[in-house]
Amino acid sequence: MRLQATTSQTVGPFFTIGLTWLEKVNLAGPGVSGERVTVAGRVLDGDGKPVPDALLEIWQANSHGKYAHPEDDQNKPLEPDFQGYGRVGVDENGRFTFATIKPGAVPGTDGKMQAPHIAVSVFARGLLLRLVTRIYFPDEAANANDYVLNLVEPARRGTLIARKTAGQGALEWDVILQGAGETVFFDC
């Protein structure tokens, strides 16, 4: 007997068929306050080869540390041109780019402030569930005391911290799905 996966058992490469119209690569409109950043990178498999059909969903607070979500009841300003949500696909070389602002610190479940970060969900072929990770900012003093980042063994924390590249606000951050240098993913 030969077993074969059916479309209900596999993911992709369907993102370009049904989700392209939902793509949002610029999270911050022209009037949004905060430090502008552009994050570029690649989604790579365990052999270092590009994954050409991945999709990233991005969720973050604004520069004041407030989420555009009804459950965020902090007394901090919202900005109408900032939803804090984006979706970006990769190209045939696994490359992606999105523009946003550096988020402010947000409280964790214990009430302690978390370092500025961007939450990222990764969808790709062969993944039956999304992968959840974070992007932290380089040279951020609050990284040293971030509860979530400190749960990660020191040798692997670098997979969560973007790297500065040439240009104002330009950052690089790659998603490595498995193997050497695998990005840290969280159970959510």
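Biologist: Of the contacts between residues at least 6 apart in sequence, what share joins residues at least 24 apart?
Modeller: In this predicted model, 65% of those contacts do.

Biologist: OK, and how many helices and strands are there?
Modeller: There are 2 helices and 11 strands. Along the sequence the order runs α-β-β-β-β-β-β-β-β-α-β-β-β.

Biologist: What about the inside, which residues have the most contacts within the largest nonpolar core?
Modeller: Those are V43, F96, F98, I135, W173 and L177, in a core of 30 residues. The elements giving it two or more residues are β1 (36–44), β2 (55–59), β4 (95–101), β7 (117–123) and β8 (131–136).

Biologist: New topic: how many aromatic pairs turn up in the whole structure?
Modeller: The search finds 1. W59 and Y67 are stacked, with 5.8 Å centre to centre and 5° between the planes.

Biologist: Is Y67 buried or exposed?
Modeller: Buried, because its relative accessibility is 18% and the cut-off for buried is under 20%.

Biologist: And why does W59 count as partly exposed?
Modeller: Because W59 has 29% relative accessibility, and partly exposed lies between the buried limit of 20% and the exposed limit of 50%.

Notes
Residues numbered from 1 in each chain as written. Predicted model: local features only at pLDDT ≥ 70, side-chain atom pairs only at ≥ 80, totals over all residues. Heavy atoms only, no water. Phe/Tyr/Trp six-rings, centres within 6.5 Å; stacked < 30°, edge-to-face > 60°. Buried < 20%, exposed > 50% of the residue type's maximum accessible area, 1.4 Å probe, protein only. Helix = DSSP H or I, 4+ residues; strand = E, 2+ residues; numbered from the N terminus. Contact = heavy atoms within 4.5 Å. Core = buried A, V, L, I, M, F, W, Y, C linked by side-chain atoms within 4.5 Å.
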